[in-house]
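Please have the sequence and the model open while reading.

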Amino acid sequence: MKLKAVLRDKSLHLAAIFLLAAQVIPNIARAQAQPAPAPPLAGVLGKVQSFTDSSLDVATPTGVIHVKVTQPLATYKQIPSDLNHVTSNAYVGVASVQQADGTELAKQVIIFPKELRGAAEGSVLTDAPGATAHSRMTNGSVSKPAVSHSRMTNGTVQKGDSSTLVVRYQDGSRTISIPSGVPVVLVAKEPVTVSAGDTVYAATEKLPDGTLTTNKILQIAAATGSNGQ
């Protein structure tokens, strides 16, 4: 009788384990099936000091950064666009200025291609120390604002002559008013002659030895006298 009791207890214990596993394993599988959010795209932003087919030196606020250029190199520049290209979940950069009532008013909208998604993700003040203005650059994904009784078009809420974008980044979000006629540019893959003095963003990867490499360079502004071609 004691042996039967022991066997019965072990069977109940094993049944409980199997039942728990049956509950836990699907949850683990579902968790594993959820795609992890893409990390911000690392990069270097600044003025070109020198550029060759194999190297790029960029002056940044923290000093000159050397980047190894790998081939084939893709170059990008900004071309005129419009808000119709700002779709839901598009990756954008919005330059804005804070108004007296605390709202953010856009001065420019930049639309990035999918391969540059995550570039300089976040929201940072761009004014010099001590400045009285509150200029900001916010890079992130467009999400549809939860506003009722508004007409949704391409991920923006239409309100008369202006629109509102909610831009999400890794640790927050920011709601920005987009006035009518605000400049909108699209980052397009185009041949660009990178020259000293250009302001660029280079998407980078770090090798195990610490070397930074890039095969994607965005020309933000050409040096004076350069046409960027």
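## A buried glutamate and its partners

E104 is buried, with a relative accessible area of 4% (buried means under 20% relative accessible area, exposed over 50%, and partly exposed in between, with a 1.4 Å probe and protein chains only). The model is predicted, so local features need pLDDT of at least 70 and side-chain atom pairs count only at pLDDT 80 or more, while totals for chains, interfaces and linings use all residues. Residues are numbered from 1 along each chain as its sequence is written, and side-chain values use heavy atoms, with hydrogens and water left out.

E104 is found in strand 5 (helices, H or I with at least four residues, and strands, E with at least two, are DSSP runs numbered from the N terminus).

How many salt bridges does the structure hold? There are 2 salt bridges, a salt bridge being a side-chain nitrogen of Lys or Arg within 4 Å of a carboxyl oxygen of Asp or Glu. The table lists the pairs.

| Salt bridge | N to O distance |
|---|---|
| E104 and R136 | 3.8 Å |
| R174 and E104 | 3.6 Å |

What do these pairs tie together? For the pair of E104 and R136, the strands are strand 5 (residues 104–111) and strand 7 (residues 135–143), so the parts tied together are 32 residues apart in sequence. E104, R136 and R174 are linked in a network of salt bridges.

Are E104 and R136 buried or exposed? Both are buried. R174, in turn, is partly exposed, with a relative accessible area of 22%.

E104 also has a polar contact of 2.8 Å between its side chain and that of S96. A polar contact is a pair of N or O atoms within 3.5 Å; within protein, one must be able to donate a hydrogen and the other to accept it, and residues adjacent in sequence count only if both atoms are side-chain atoms. With neighbours within four places in sequence left aside, the residues in contact with E104 include V97, Q98, T175, I176 and S177 (contact means heavy atoms within 4.5 Å).

P80 counts as exposed, at 76% relative accessibility. The C-alpha atoms of P80 and V184 are 6.3 Å apart in space, although these residues are 104 apart in sequence.
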